[in-house]
Amino acid sequence: MHALWELTKPKITRLVLIATAAGFYLASRGNIDVGLLVLTLIGTALVASGTNALNMWWERDIDAKMLRTRHRPLPAGRVTPSAAVWFALAIALIGVLELHYFVNQLTALLAALTLTTYVLVYTPLKQRTPLALVVGSVPGALPILGGWTAAGGTLVPQAWALFWILFLWQVPHFLALAWLYRRDYARGGLAALSVFDSSGRRTGRQAMLYSLALVPVSLLPTMLGLTGQAYFLGALLLGIGMLACGGALAFRPSTGGARRLFLASVAYLPVLLLLMVVDKV
């Protein structure tokens with residue numbers, strides 16, 4: 001059972017649930033429907049867990065070649081490929097159906113779109129082109145939209161602002177991670193930008209540009225009347241911090257710089273979402 005639990009990538013699933021809950025709260029008007037929120041999180045957790053497990057099933061041969069991932073359940077032989085794929089498909093399908101019948105159809109559709117784009121588009125592209133990261137940022141940003149629609153919200157500009165914040169945040173976050181593990185990525189045959197960028201300057205420039213774009217986009221919730229001035233100031237400071245780390249990696253690429261950007265991005269998103277929730281208008 002523990003091996004199946006590992007397949008779901010609990011840390012990533014937890015971040016998905018945080019984003020979903022934030023989207024639900026921000027879209028809610030009046031009292032929070034706690035029962036509906038719980039049903040939304042259950043369905044989302046099942047779909048996210050199934051998506052992660054399918055990704056690990058698909059990449060089991062790649063994981064076996066990489067030092068960072070060779071001890072995962074599939075390459076280590078702690079679970080069979082057939083057991084993994086049936087487990088993943090079952091919980092993902094249950095999650096989509098649960099959202100469809102107990103939340104609403106739009107939220108279920110967004111969850112199904114997240115699953116299919118992540119597994120069938122992003123995962124195979126990872127071995128073909130560095131642009132896979134940009135493609136993969138779409139399913140990575142959809143859960144906050146799912147939380148928004150679960151609370152009865154429609155896909156208004158405020159919702160899309162949240163989507164674009166998560167989309168842009170992912171690029172410097174994963175560029176930094178890919179630079180830290182660039183030799184492992186090369187060993188696994190992944191076409192990450194860092195694998196082809198021996199100097200690190202292209203990786204750093206991309207991280208800086210996406211961090212720069214994140215600054216104005218992160219201010220949109222206040223400009224669209226979703227959050228107040230406290231969020232605006234906090235988002236601006238957080239964005240400047242991310243940009244500074246991205247700029248440092250661009251102009252002086254190093255393992256230390258990549259690690260600082262990665263840690264800054266890890267702190268950025270939960271703090272930003274907390275500010276949104278606390279300073280919701």
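# Notebook: helices and buried residues

I began with a pair of helices in this predicted model. Val47, Thr51, Leu54, Asn55 and Trp58 of H3 are in contact with Ala111, Leu115, Tyr118, Val119, Leu120, Thr123 and Pro124 of H6. I sorted the residues of this contact by class and got 9 nonpolar, 3 polar and no charged ones.

**Entry: how H3 and H6 lie together.** H3 covers residues 34–58 and H6 covers residues 105–125. I looked up their packing angle and found about 15°, with the axes 10 Å apart. Angles under 35 degrees count as roughly parallel, and H3 and H6 are therefore roughly parallel to each other. I also noted that their crossing is right-handed.

**Entry: H5 against H6.** Next I turned to H5, residues 81–102. H5 packs on H6 at an angle of about 160°, and their axes are 7 Å apart. That makes H5 roughly antiparallel to H6, as the label applies to angles over 145 degrees. On the H5 side I listed Ala92, Val96, Leu99 and His100. They meet Gln105, Thr107, Ala108, Ala111, Ala112 and Leu115 of H6. The classes here come to 7 nonpolar, 3 polar and no charged residues.

Entry: Lys9 sits in the loop between H1 (2–7) and H2 (10–27). Is Lys9 buried or exposed? Its relative accessibility is 15%, so Lys9 counts as buried, the cut-off being under 20%.

**Entry: H13.** H13 runs over residues 229–251, 23 residues in total. From first C-alpha to last it reaches 33 Å, close to the 33 Å expected at 1.5 Å a residue. I wrote down its buried residues: Tyr231, Gly234, Ala235, Gly239, Met242, Gly246, Gly247, Leu249 and Ala250. Which helices do these buried residues pack against? They pack against H8 (157–180), H11 (201–218), H12 (220–223) and H14 (255–278).

**Entry: Ala235 up close.** I picked Ala235 from H13. Its relative accessible area is 0%, so Ala235 is buried. Leaving aside neighbours within four places in sequence, I found Ala235 in contact with Ser218, Leu219, Leu272 and Leu275. Leu272 is 37 residues from Ala235 along the chain, yet their C-alpha atoms are separated by 6.3 Å.

**Entry: H11.** H11 has 18 residues and reaches 25 Å between its first and last C-alpha, close to the 26 Å expected. Its buried residues are Thr203, Gly204, Ala207, Tyr210, Ser211, Leu214, Val215, Val217 and Ser218. The buried residues of H11 pack against H7, H8, H10 (193–196), H12, H13 and H14. Ser218, on the buried list of H11, is one of the contacts I had noted for Ala235.

**Entry: Ser137.** My last stop was Ser137, in H7 (residues 132–150). Ser137 has a relative accessible area of 1% and is buried. Beyond its neighbours within four places in sequence, Ser137 is in contact with Phe167, Gln170 and Val171.

Methods. Residues numbered from 1 in each chain as written. Predicted model: local features only at pLDDT ≥ 70, side-chain atom pairs only at ≥ 80, totals over all residues. Heavy atoms only, no water. Axes fitted to C-alpha atoms, helices over the stretch in contact; angles between N-to-C directions. Helix = DSSP H or I, 4+ residues; strand = E, 2+ residues; numbered from the N terminus. Parallel < 35°, antiparallel > 145°, perpendicular 65-115°, else oblique. Left-handed = near helix turned anticlockwise from the far one by under 90°. Contact = heavy atoms within 4.5 Å. Nonpolar A, V, L, I, M, F, W, Y, C, P; charged D, E, K, R; others polar. Expected span 1.5 Å × (residues − 1). Buried < 20%, exposed > 50% of the residue type's maximum accessible area, 1.4 Å probe, protein only.
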